[in-house]
Structures are given as structure tokens and as C-alpha cells.
Amino acid sequence: MTRLSLAALLLTASTAMADEAAVSFKTQIQPILDAQCVFCHVTGAENGGLNLGRRVARASLLAASTEAPMPRVTPGAAEQSYLIHKLRDTQLKAGGSGNRMPMNDPPRPLDDGQLTLFVRWIEAGAPDN
């Protein structure tokens with residue numbers, strides 16, 4: 001195998017792995033929002049001024065937080081995203097307020113896999129995909 005063909009093979013494999021690992025807002029993040037968050041965060045019931053309805057969720061997440069001195073989502077920086085602090089229950093340490101999200105009755109925090117999806121989506125730049 002020549003160096004050129006080996007390089008092409010490696011590039012193709014790494015691109016396929018990156019595509020495979022990409023988190024989709026529409027097919028992975030929005031369904032979690034629909035199942036766990038929309039009840040309290042839709043038009044007419046926008047707690048914290050956050051509307052997570054399908055048509056506006058991503059834009060709402062990219063807006064400034066009304067509860068903390070940081071954006072709800074900082075593309076490329078999960079640790080500087082208030083959303084992650086709310087999901088981890090570290091919002092008070094981040095200078096925010098309120099309760100851990102999502103708030104259900106009884107409370108039902110996201111599982112590790114769901115939280116990881118949010119972190120990966122933000123770290124990838126919070127794409128509209």
C-alpha cells in the first residue's frame with residue numbers, strides 16, 4: 001500500500017468516526033427536551049424565559065440566561081454553559097439560581113448517557129443538525 005493510499009484510508013476512517021460520533025440536535029437532543037422539559041418550557045409556560053418547543057429550542061438555548069451571568073449554551077464550551085450546570089445541579093456554584101433540571105414530580109435527572117449527549121453537542125459547537 002502506498003503512503004498516499006494509506007493516508008486516504010486513514011482520512012476516510014477518521015471522517016467516518018467523526019460523523020458517527022456527531023450528536024444530532026434534531027434526533028437526539030430535541031427528543032430529550034420533548035420528553036423531559038417541554039412541559040414547563042413552552043409558549044405560555046416559559047419558566048426562566050426558556051422556550052424549548054421544537055421550532056425555537058436551539059435558538060432559546062443559545063440566548064443569554066435570565067438566571068446566571070453566562071449564556072445558556074456556549075458553543076464549544078460545555079463547562080461555560082449554564083444548561084450543563086442546571087442539568088448537573090451545579091447552577092448555584094456557577095452564580096445561577098433555581099433548581100436542578102429537569103424538574104419533574106418526582107425529580108428525574110437525566111441519566112449519564114443523556115447528559116453526555118448534551119455535553120458532546122455543545123462541545124461540537126451546538127450545531128443545528
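A polar contact is taken here as a pair of N or O atoms within 3.5 Å, where, within protein, one atom must be able to donate a hydrogen and the other to accept it, and where residues adjacent in sequence count only if both atoms are side-chain atoms. The structure is a predicted model, in which local features need pLDDT of at least 70 and side-chain atom pairs count only at pLDDT 80 or more, whereas totals for chains, interfaces and linings use all residues. Residues are numbered from 1 along each chain as its sequence is written, and side-chain values use heavy atoms, with hydrogens and water left out. Helices (H or I, at least four residues) are DSSP runs, numbered from the N terminus.

At the start of α5, a side-chain oxygen of D111 reaches to within 3.0 Å of the backbone nitrogen of G113, and the helix is followed by G125, whose phi is positive, near 100 degrees. Within α5, L115, L117, F118, V119, W121 and I122 are buried (under 20% relative accessible area, with exposed meaning over 50% and partly exposed in between, for a 1.4 Å probe and protein chains only). These buried residues of α5 pack against α2 (25–36), α3 (57–61) and α4 (82–88).

In α2, the N-terminal end is capped by S24, a side-chain oxygen of which lies 3.4 Å from the backbone nitrogen of K26. The buried residues of α2 are F25, I29, Q30, I32, L33 and Q36. These residues lie on the same side of α2, because they cover an arc of only 150 degrees around the axis, the arc being that of the directions from the helix axis to the C-beta atoms. On the other side of α2, T27 and A35 are exposed, while the buried residues pack against α3 and α5.

Leaving aside neighbours within four places in sequence, W121 is in contact (heavy atoms within 4.5 Å) with residues including I29, R58 and L61.

How values were computed
Helices (H or I, at least four residues) and strands (E, at least two) are DSSP runs, numbered from the N terminus.
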